[in-house]
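Biologist: Please show me the model, and I will ask on what grounds each label was given.

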Amino acid sequence: MTLLQSLIPTFFDTFLSTVRDVFPIVCILFGFQFAVLRQPIANLKRIVFGFAYVLFGLTLFLMGLEMALFPLGESMAIQLTAPEFLFGEGGIMPAQVQWQHYYWVYIFAAAIGFSTTVAEPSLIAVAIKAAQVSGGAISVNGLRFSVALGVSIGISLGCYRIVEGDPIHYYIIAGYVLVVIQTFYAPKFIVPLAYDSGGVTTSTVTVPLVTALGLGLASTVPGRNPMIDGFGLIAFASLFPMITVMGYAQITEWVARRQRVSNKTRES
């Protein structure tokens, strides 16, 4: 009962904050509907109920993030980068830290990047709409998994950069050069979607965990400044999905082309 009593004030505070955040969106939508379009809203009762569900769901979702995902992500980052875990019971930091010492961090970064991206609500919404518009040419799960793979690779590479202390712009420039080259060779229908896929990964689930991981890693690696080296993982999480989504489309097109050639050969 004590836990429930402590949750009730938190729920109402979060609910009021969510209402304040959603209120401008409601004003714009209804304002344009009545003032610009000057048309009545169809199914008004259903839309009102929908907004109520949104407010209630967002409130519970934000409470869950604050109570579970945020602290758990920060705790995991600190534990995985603690000297006691990396270098044994004594926790004695060697004079020269090698990037290989942090291999568990790279594995965790890849796993958390993939899992949080697959569960990202904004990505699910984009994938469903893309599948509907393309008439099934773009698979919902294919898009989700290719984006998640890109985030997984990007965050792991970003953690490697923090450990090595390399300048971030080298990685970002090289990545965008590859994106530009892929743009010329990837199927045209996938290019805008691939560019959007980078943005939808930087949302409520992925960002807190990735940020906690970067700051925890930069705080424990000798010679790293959390302010300079701790941030930047989100840039990797936004960049690499563009590469993997276009790569997914290129591989799919190549397989389809091979299949058509094989069918023609078999028919002749």
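**Labels and their grounds**

Modeller: Ala137 lies in the loop between α5 and α6. Helices here are DSSP runs of H or I with at least four residues, strands are E runs of at least two, and both are numbered from the N terminus. This is a predicted model, where local features need pLDDT of at least 70 and side-chain atom pairs count only at pLDDT 80 or more, while totals for chains, interfaces and linings use all residues. Residues are numbered from 1 along each chain as its sequence is written, and side-chain values use heavy atoms, with hydrogens and water left out.

Biologist: Why does Ala137 count as exposed?

Modeller: Buried means under 20% relative accessible area, exposed means over 50%, and partly exposed is in between, with a 1.4 Å probe and protein chains only. Ala137 is at 55% relative accessibility, so Ala137 counts as exposed. The C-alpha atoms of Ala137 and Ala42, 95 residues apart along the chain, are separated by 32 Å.

Biologist: How many helices and strands does the protein have?

Modeller: There are 11 helices and zero strands. The C-alpha trace spans about 75 × 70 × 35 Å along its principal axes. Of the 268 residues, 35% count as buried.

Biologist: Why is Leu239 called buried?

Modeller: Leu239, in helix α11, has a relative accessible area of 0%, and is therefore buried. Leaving aside neighbours within four places in sequence, Leu239 is in contact (heavy atoms within 4.5 Å) with Tyr171, Ile172, Gly175, Tyr176 and Val179.

Biologist: What makes a set of residues a nonpolar core?

Modeller: The members must be buried Ala, Val, Leu, Ile, Met, Phe, Trp, Tyr or Cys residues, joined through side-chain atoms within 4.5 Å. The largest such core has 45 residues, and those with the most contacts inside it include Tyr102, Cys159 and Leu217. Among the elements that give two or more residues to this core are α2, α4, α6 and α9. The largest share, 10 residues, comes from α11. Not counting residues up to four places away in sequence, Cys159 touches Val105, Tyr106, Ala109, Leu213, Leu217 and Leu233. In soluble globular proteins, nonpolar side chains tend to be buried together.

Biologist: Which residues make the nonpolar surface patch?

Modeller: Ile173, Val177, Val180, Ile181, Phe184 and Tyr185 make a patch of about 650 Å². Patches take residues with over 30% relative accessible area and no salt bridge; like charges are joined within 9 Å, and nonpolar side chains (Val, Leu, Ile, Met, Phe, Trp, Tyr) within 5 Å. Areas come from the Shrake-Rupley method with a 1.4 Å probe, and for residues only the protein chains shown count as cover. Val177, in helix α7, has a relative accessible area of 44%, so Val177 is partly exposed.

Biologist: What makes the pair Arg257 and Glu253 a salt bridge?

Modeller: A salt bridge is a side-chain nitrogen of Lys or Arg within 4 Å of a carboxyl oxygen of Asp or Glu. The N to O distance between Arg257 and Glu253 is 3.6 Å, so the pair meets the rule. The two are four residues apart in helix α11, and therefore separated by about one helical turn. Arg257 is partly exposed at 40%, and Glu253 is partly exposed at 32%. By this rule the count comes to one salt bridge.

Biologist: Which value of phi does Arg38 have?

Modeller: Phi of Arg38 is near 55 degrees, a positive value in a residue other than glycine. Most residues other than glycine have a negative phi. Arg38 lies in the loop between α1 and α2 and, at 68% relative accessibility, counts as exposed. Asn43 is found in the loop between α1 and α2 as well, and phi of Asn43 is also near 55 degrees. With a relative accessible area of 54%, Asn43 is exposed.
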